[in-house]
Amino acid sequence: MSDPDLNSFIAWFQRNHGYIDTNAMGFKGFVPSEGGRGAVALKDLPEGHVLFTIPRSLTLSTRNSSLPKRLGMQFWKEKGLDKGWTGLILCMMWETAQGVSSKWAEYLETLPKSFDTPMFWDKNNLGELAGTYVVDKLGKDDAERTYNEVLLPVVRSRPDLFPTDLIADYYSMEQYHIMGSRILSRSFDVERWEGDEGNSDNDEAAETSVGSAMDVDQPAHSLTDDSARNEEPSDEEEEDDIDVSMVPVADLLNARYRTENAKLFYESTELKMLTTKPVSMGEQIWNTYGDLPNAELLRRYGHVDLMPLPGGGKGNPGDVAEIRADLIVSALSEHPGRFPESKVQEVIDWYLDEGGDDVLVIESDLELPSQLLTLIRLLLLSPEEFKKTRDKGKLPKNKVDLPLLDIAIRALQLRAEEYPTTVEEDESLLRGDLPLNKYHAIVVRLGEKNILRGCLQKAEELRSACLEEPKLGKEQGKNKRKTNADNPPSKKSRK
Ligand SMILES: C[S@@+](CC[C@H](N)C(=O)[O-])C[C@H]1O[C@@H](n2cnc3c(N)ncnc32)[C@H](O)[C@@H]1O
């Protein structure tokens, strides 16, 4: 291992039955844009090579920490520590407070103590994100409420486990945010193995027949809506047989858009990191964080991906622009249609009940989202037509015509106006020397604005074509999620 900071951690890992193929893989510092500290191939590796394995018992989760049992499982549930991330945060705080007597002491030492994520930004820096939806998604107030109403009362109620004089150092709001951010940027969703039940209290996971290795849903934060983590989980979530887990060594791997060459798999007693394609000597070993847009990378991890884009320039090919459904209503009100304003809410309620999202996503193909077209079409129906549609229980087809395009275009313009700066201003700012947070914020908002601009341009071209040939009405957004019951979106919320 070339990184001296990691030596005692790796020794701890190996002592605890973790395995690393040290001939195949090492750790080194890459340039910040490539993730800083990460893993490197020490020789040419074929696909399917086992880079390292982690015993399940070495992952840090509410199942493996002994804290839940010490507090009592009934108490744990009564206090809501089995919901969201609060229980794991408390376990991580408590394990840290145990110092060297914690099983995970050497691991906890390797975890970051500060973050470049907007959760820790001041007002000025947050202001640079104006127009993006990043700040709305931080969930800082909810997190702080959970700290005050759930975690702190538990800590204060058990001075035998949480000595009062340790609260300021180990159980503070600041520590709560740090632990939450460690989970957000480094945890994995580890599915339980069949037959592996209950809190294991440091026992090895139940040994069952070893089946074929399966994907670990990874990382936890790339697949779930973590902004809701401190809220009541849905029934679906409660039933999940998933442990949000901190996975030593696996969390040392960086990620970049569509660059993954290694992935974590699980078996009954251990997790395995395997190469998913051949890796050349000296190449970085990349995991995946789900190929997220820069807004999400920044919010969860504190970095952005910048790479050459197919159409020229640099950016994140996974970038998207989001548009709230209420902007469509605002656009509609500027184009008085046939639908009385008093009925608009009824249409929106039905659209949401049918699985429509309240935030619509424009992707890099720059097509108008199918749900946006559906919503506008619904709003353009007369009250009688809407009633018929609702009675049939079938959403209208995504056929575009002039009235629909007018509203779509206006909604996109209103969305673009939500950013205080223009594309050109941002591009010029990026040519200067900028502090990191400001630089990240500009990259995020510029990526979104470019998607919006491209989508607007495409919609205007379509409008011109419709003007020339009014019967041109085309079906749009075929590749997008449909707003009907046969493909309901995974989550829905009303604002
Ligand atoms: C799971 S950790 C990966 C290991 C981390 N580099 C370390 O030193 O512990 C995730 C963090 O690594 C950094 N990172 C990962 N991929 C990156 C990338 N493509 N560009 C910049 N930073 C990256 C970010 O700071 C992110 O929060």
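On the α18 side the contact involves Val423, Asp426, Glu427, Leu429 and Leu430, and on the α19 side Ile442, Arg445, Leu446, Lys449, Asn450 and Arg453. Helix α18 covers residues 423-430 and helix α19 covers residues 436-468; their axes come within 10 Å and cross at roughly 145°. The crossing of α18 past α19 is left-handed.

In soluble globular proteins, nonpolar side chains tend to be buried together. Here, the largest nonpolar core has 75 residues, and the members that touch the most others are Ile89, Leu90, Leu151, Ala250, Leu253, Ile285 and Val444. Helix α4 (residues 86-97) supplies the largest share of this core, with 7 residues.

Beyond its neighbours within four places in sequence, isoleucine 285 contacts Met25, Ala39, Val40, Ala41, Leu51, Leu253, Asn261, Ala262 and Val279. There is also a second, separate core of 35 residues, and among its members are Ile323, Ile348, Leu379 and Val400.

**Loop residues worth a visit**

Which loop holds both tyrosine 289 and aspartate 291? Tyrosine 289 is in the loop between β11 and α12, and aspartate 291 also has its place between β11 (284-287) and α12 (294-301). Is tyrosine 289 buried or exposed? Tyrosine 289 counts as buried because 24 C-beta neighbours lie inside 10 Å, and the cut-off for buried is 20 or more. Aspartate 291 has 18 other C-beta atoms within 10 Å, so aspartate 291 is partly exposed.

Most residues other than glycine have a negative phi. Aspartate 291 is not a glycine, yet its phi is positive, at about 50°. Leucine 366 likewise has a positive phi, near 65°, and is found in the loop between β15 and α15 (370-380). With 18 other C-beta atoms within 10 Å, leucine 366 is partly exposed.

Aspartate 358 sits in the loop between α14 (341-353) and β15 (359-362). Its 16 C-beta neighbours inside 10 Å make aspartate 358 partly exposed.

| Residue pair | Separation in sequence | C-alpha to C-alpha distance |
|---|---|---|
| Aspartate 358 and aspartate 326 | 32 residues | 7.8 Å |
| Tyrosine 289 and isoleucine 348 | 59 residues | 34 Å |

Isoleucine 348 in the second pair is one of the residues in the separate core of 35.

**How confident is the prediction?**

The protein chain has a mean pLDDT of 86, with 84% of its residues at 70 or more. For the complex, the predictor gives an ipTM of 0.99 and a pTM of 0.88.

Note on methods:
Residues numbered from 1 in each chain as written. Predicted model: local features only at pLDDT ≥ 70, side-chain atom pairs only at ≥ 80, totals over all residues. pLDDT = per-residue confidence, 0-100. Axes fitted to C-alpha atoms, helices over the stretch in contact; angles between N-to-C directions. Helix = DSSP H or I, 4+ residues; strand = E, 2+ residues; numbered from the N terminus. Left-handed = near helix turned anticlockwise from the far one by under 90°. Contact = placed C-beta atoms within 7 Å. Core = buried A, V, L, I, M, F, W, Y, C linked by C-beta atoms within 7 Å. Buried ≥ 20, exposed ≤ 12 C-beta atoms within 10 Å, placed from the backbone.
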